[in-house]
Amino acid sequence: MTQHLSPQEFVESLDSTLATDRLDHLAACQTCRDEIEQLRLLMTDVEAAAPVPQPSPLFWDHFSDRVRQATSNVEPAARPAWWAQTWRPLAAFAGGLAVVVLAVVLRSGPGAPVPVDSATASVAMAEPDASNPDELASEMFVTIASALPWEDVEQVAMPRADTVDNLIEQLTPAEREQLARWLRAGIGDLE
Amino acid sequence: MRVGTETAGALPWQAPAGWNVSMTRPDRPSGEQAPAADLREADDRALVEAFRSGRRDAFDVIVDRHRRHVYQLCYRFVSNHEDASDLAQDVFVRAFKGLGNFKGDSSLGTWLYRVGVNACLNRLAMKKVDTEPIEAMPRVDDRAADALDQVMREERAAEVRSAIAKLPPKQRATLTLRVYQELSHEEIAQVLGSSVGAVKANFFHALGNLRRLLQS
């Protein structure tokens with residue numbers, strides 16, 4: 001028998017959005033079916049438990065007046081100035097770029113310093129080395145990020161606390177395996 | 001007092017024949033104007049833009065449009081009209097102050113729920129809200145044939161409400177938004193600032209804890 005439903009899958013089952021392959025397990029598993037039945041009964045109790053009394057129409061007019069009075073002396077927060085809106089995306093972009101550069105440096109590993117004259121250096125900055133995939137990736141990142149609006153770059157470069165969780169949840173098992181291999185390899189390099 | 005979008009029109013009172021009386025709601029205090037018709041028809045996004053450009057009356061329309069949902073949410077957390085009313089007012093004052101920073105990533109309604117949930121959880125953390133005593137159940141007409149059934153249903157409902165009040169704050173918020181406010185898991189994730197997976201797990205654990213509380 002396959003694994004029992006996870007908490008998320010129980011909720012999906014209550015919502016009738018459980019994935020088809022897990023429906024097969026549900027059909028065969030009495031334990032999971034019993035759990036769902038109990039959850040359904042509980043949901044019925046919860047739904048019946050909390051009617052909110054409807055205040056009178058006069059209350060609503062009075063309520064709106066109260067809010068108006070309470071806000072009459074309040075200054076709404078002004079929209080942030082353009083520079084205040086821009087510094088965060090700029091910092092994010094710089095941070096993202098730093099991460100890419102760091103990744104390139106870590107993956108290429110320590111090597112003997114190669115003397116470069118200034119002319120060669122400027123050419124290297126201007127045109128990425130087509131034979132080096134890391135440099136191409138970095139160049140591509142910079143090009144794409146430069147063409148995007150700042151807000152979009154901020155969305156990508158300043159993830160919220162749960163963004164990584166979200167992304168990992170969206171990966172297929174094969175992709176997760178690959179990610180785990182990369183992480184193990186990366187940690188091994190650092191050690 | 002003003003004529004709002006939900007309560008427009010004259011009071012339902014008919015003057016006796018021969019009386020020359022015009023019976024309408026009192027006007028706003030002098031100096032205030034009812035929101036213009038264009039605002040009442042505007043969608044939330046346009047209202048936010050109008051407010052940002054200095055039209056305070058746009059906020060009146062926002063209050064009229066969302067006050068019931070915000071009040072209901074607050075009532076779910078505090079279980080009495082007085083506190084719910086104060087809390088709902090507080091939510092709109094916070095919204096008034098913060099609307100300039102609203103980015104529009106979610107709908108205005110979802111954002112207001114977010115402000116509301118934060119206000120409710122703060123209130124719960126600061127003040128022990130009086131829980132509803134079993135004796136406060138609505139009176140039951142004992143002449144009704146199913147009076148006993150109704151009493152039992154009310155008792156059960158009071159137990160469930162009491163158990164919900166004991167849930168950890170985030171689980172309680174998730175359960176309330178899902179079951180009573182009928183938000184989708186995605187909307188709840190936006191309100192609570194977490195992932196959809198976390199919302200589903202929270203909801204499952206809320207039900208599990210509720211079951212344990214009701215059995216104990």
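1. What share of the 191 residues in chain A is buried? The figure is 9%. Please keep in mind throughout that this is a predicted model.

2. A word on the overall make-up of chain A. The chain holds 10 helices and 0 strands, and its pattern along the sequence reads α-α-α-α-α-α-α-α-α-α. Of the contacts in chain A with a separation of 6 or more, 63% join residues 24 or more positions apart.

3. Now for confidence. Chain A has a mean pLDDT of 74, with 58% of its residues at 70 or more. Among the elements of the chain, H1(A) has the highest mean pLDDT, 94, while helix H6 of chain A (residues 118-126) has the lowest, 47. Over residues 119-126 of chain A the pLDDT stays under 50, and the model has 1 contact beyond four places in sequence for that stretch. As a reminder, where pLDDT is low, the predicted coordinates should not be read in detail.

4. Which residues of H3(A) are buried? They are Leu39(A), Val46(A) and Ala49(A). Viewed down the axis of H3(A), these buried residues fall within an arc of 70 degrees, so they line one face of the helix. On the other side of H3(A), the exposed residues are Gln30(A), Asp34(A), Glu37(A), Arg40(A), Leu41(A), Thr44(A) and Glu47(A).

5. What covers the buried face is worth a look, as both chains take part. The cover over the buried residues of H3(A) includes helix H1 (7-14) from chain A. From chain B, it includes helix H6 (147-165), helix H7 (169-180) and helix H9 (196-215).

6. That leads to the contact between the chains. In the model, 36 residues of chain A are in contact with 44 residues of chain B. On the side of chain B that touches chain A, at least two residues each come from helix H3 (57-78), helix H4 (81-98), H6, H7 and H9 of chain B. H9(B) gives the most to this side, with 10 residues. By class, the side of chain B that touches chain A has 18 nonpolar, 14 polar and 12 charged residues.

Methods. Residues are numbered from 1 along each chain as its sequence is written. Chains are lettered from A and ligands numbered from 1 in the order in which they are written. This is a predicted model: local features need pLDDT of at least 70, side-chain atom pairs count only at pLDDT 80 or more; totals for chains, interfaces and linings use all residues. A residue is buried if 20 or more other C-beta atoms lie within 10 Å of its own, exposed if 12 or fewer, and partly exposed in between; C-beta atoms are placed from the backbone. Helices (H or I, at least four residues) and strands (E, at least two) are DSSP runs, numbered from the N terminus. The arc is that of the directions from the helix axis to the C-beta atoms. Two residues are in contact if their C-beta atoms, placed from the backbone, lie within 7 Å. Ala, Val, Leu, Ile, Met, Phe, Trp, Tyr, Cys and Pro count as nonpolar, Asp, Glu, Lys and Arg as charged, and the others, Gly among them, as polar. pLDDT is the predictor's confidence in each residue, from 0 to 100.
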